[in-house]
Amino acid sequence: MSNKQARPVQAERIPLKARKVSFAWEDTPLHWVPGDPFTTHTINVLHLLLPAGERWFVHVYKQALPLIRDDRLREDVIGFIGQEAMHSRAHDEVLPHLREQGLDPTPYTAQVDWFFEKLLGDRTLPPGRARRWWLLERIALIAAIEHYTAFLGDWVLNAAELDRRGADPTMLDLLRWHGAEEVEHRSVAFDLFVHVDGDYRRRVRTWALAFAALMFLWQRGARFFMAHDPTLVDGRASFREFYRSGRRGTLPATGALLKSVPRYLSRAYHPSQEGSTAQAAAYLAVSPAALAAEKAEHDA
């Protein structure tokens with residue numbers, strides 16, 4: 001691996017803003033990918049993970065603001081905070097719809113809340129080195145997680161198979177609006193980590209924790225949904241089905257996911273090398289929810 005830190009693609013940087021979107025779920029079916037409950041529920045796990053996770057991002061980053069000595073990075077972090085708060089709210093609003101369809105996610109979301117609020121939450125630590133260490137650990141964790149949210153954002157922007165299979169347009173718009181913003185702000189978390197610390201050993205250690213936690217929580221969420229889907233008899237989730245869905249294009253390909261690991265661990269890594277800001281901006285320019293939010297802001 002190279003020992004040189006990659007340069008960001010400066011030309012792609014754009015100001016970040018929170019788009020106050022809203023979605024109507026009354027016409028979205030239980031299996032919003034027709035005839036494919038496994039893909040539906042594997043992606044539905046996002047609605048369970050993201051509200052708590054992105055509230056945690058916002059909480060940690062507010063603590064990190066006093067450490068930022070670069071005005072442009074501070075502006076990016078404030079924009080990031082606004083976008084992540086909106087993401088949390090948008091996914092949280094899907095949960096009542098799931099309950100109406102007979103899928104109460106409360107037992108699972110309680111575990112996710114514990115993970116972010118207790119295990120990764122604030123600790124009673126003395127001011128100074130210990131408190132700073134815990135803040136830097138969490139900043140590094142967010143950088144690792146954001147590598148995968150950007151990966152997923154780039155994937156869903158290009159997941160044409162979901163369109164071919166007639167996926168619900170409202171759900172696709174939620175996923176692609178969110179995915180486009182993840183691509184749009186994909187460099188912020190890593191840039192903040194490098195700005196306040198950048199230690200390579202911390203980057204590797206927190207990547208391992210983030211990857212293991214995401215894989216554990218995601219498979220647990222998919223199994224929870226499949227087991228509690230009222231329309232399925234003995235519904236199951238398996239890695240084999242995830243692999244097959246990746247081959248079909250309805251979920252991320254396993255090979256692409258694995259190839260993303262050495263990219264993040266390379267000393268030459270920078271998130272601006274991943275995805276396309278132009279593609280993200282192009283989707284945000286036509287997203288029904290983003291356009292409605294822009295119109296409401298203009299009319300206010």
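This is a predicted model: local features need pLDDT of at least 70, side-chain atom pairs count only at pLDDT 80 or more; totals for chains, interfaces and linings use all residues.
Helix H1 and its neighbour H2 come up first. H1 covers residues 37-64 and H2 covers residues 71-92; their axes come within 8 Å and cross at roughly 155 degrees. With that angle over 145 degrees, H1 is roughly antiparallel to H2. The crossing in which H1 passes H2 is left-handed. On the H1 side, the contact is built from Leu-46, His-47, Leu-50, Pro-51, Glu-54, Arg-55, Phe-57, Val-58, Tyr-61 and Lys-62. H2 answers with Val-77, Phe-80, Ile-81, Glu-84, Ala-85, His-87, Ser-88, His-91 and Asp-92. Sorted by class, the contact of H1 with H2 comes out at ten nonpolar, four polar and five charged residues.

H2 also packs against helix H8, this time at an angle of about 135 degrees and with the two axes 10 Å apart. H2 and H8 are therefore oblique to each other. Their crossing is left-handed. Here Leu-73, Asp-76, Val-77 and Phe-80 of H2 meet Val-188, Asp-191, Leu-192 and His-195 of H8. Five nonpolar, one polar and two charged residues make up the contact of H2 with H8. Val-77 and Phe-80 of H2 turn up in the contact with H1 and again in the contact with H8.

Val-188 is worth a look on its own. This residue sits in helix H8 and is buried, with a relative accessible area of 5%. Setting aside neighbours within four places in sequence, Val-188 is in contact with Leu-73, Asp-76, Val-77 and Phe-80, and also with Leu-16. Leu-73, Asp-76, Val-77 and Phe-80 are the residues that H2 brings to its meeting with H8. As for distance, Val-188 and Ala-213 are 25 residues apart in sequence, and their C-alpha atoms are 22 Å apart in space.

Another helix pair is H7 (residues 169-184) and H12 (residues 277-284). The axes of H7 and H12 come within 8 Å, crossing at roughly 145 degrees, and H7 passes H12 in a left-handed crossing. H7 contributes Leu-172, Asp-173, Arg-176, Trp-177, Ala-180, Glu-181, Val-183 and Glu-184, which meet Thr-277, Ala-280, Tyr-283 and Leu-284 of H12. By class, the contact of H7 with H12 holds seven nonpolar, one polar and four charged residues.

Helix H11 can be read from its buried residues. Within H11 (residues 254-265), Thr-254, Leu-257, Ser-260, Val-261, Tyr-264 and Leu-265 are buried. Viewed down the axis of H11, these buried residues fall within an arc of 120 degrees, so they line one face of the helix. An α-helix has 3.6 residues a turn, so residues three or four places apart point the same way. The partners of the buried residues of H11 are helix H5 (129-157), helix H8 (188-196), helix H9 (200-228) and helix H10 (239-248).

Thr-254, one of the buried residues of H11, has a relative accessibility of 11%, under the 20% cut-off, and so counts as buried. Not counting residues up to four places away in sequence, Thr-254 touches Phe-239, Phe-242 and Tyr-243. Gly-246, placed in helix H10, is likewise buried, with a relative accessible area of 11%. Leaving aside neighbours within four places in sequence, Gly-246 is in contact with Leu-251, Pro-252 and Ala-253. Along the chain, Gly-246 and Trp-32 are 214 residues apart, while 17 Å separates their C-alpha atoms.

Arg-164, in helix H6 (residues 160-164), is exposed, with a relative accessible area of 63%. Arg-164 and Thr-250 are 86 residues apart in sequence, yet 9.8 Å apart in space, C-alpha to C-alpha. Asp-234 is found in the loop between H9 and H10 and is exposed too, with a relative accessible area of 56%. The backbone of Asp-234 has a phi near 55 degrees, a positive value in a residue other than glycine.

Conventions
Residues are numbered from 1 along each chain as its sequence is written. Side-chain values use heavy atoms; hydrogens and water are left out. Buried means under 20% relative accessible area, exposed over 50%, partly exposed in between (1.4 Å probe, protein chains only). Helices (H or I, at least four residues) and strands (E, at least two) are DSSP runs, numbered from the N terminus. The arc is that of the directions from the helix axis to the C-beta atoms. Contact means heavy atoms within 4.5 Å. Axes are lines fitted to C-alpha atoms, for helices over the stretch in contact, and angles run from 0 to 180 degrees between N-to-C directions. Angles under 35 degrees count as roughly parallel, over 145 as roughly antiparallel, 65 to 115 as roughly perpendicular and the rest as oblique. A crossing is left-handed if the near helix is turned anticlockwise from the far one by less than a right angle, and right-handed if clockwise. Ala, Val, Leu, Ile, Met, Phe, Trp, Tyr, Cys and Pro count as nonpolar, Asp, Glu, Lys and Arg as charged, and the others, Gly among them, as polar.
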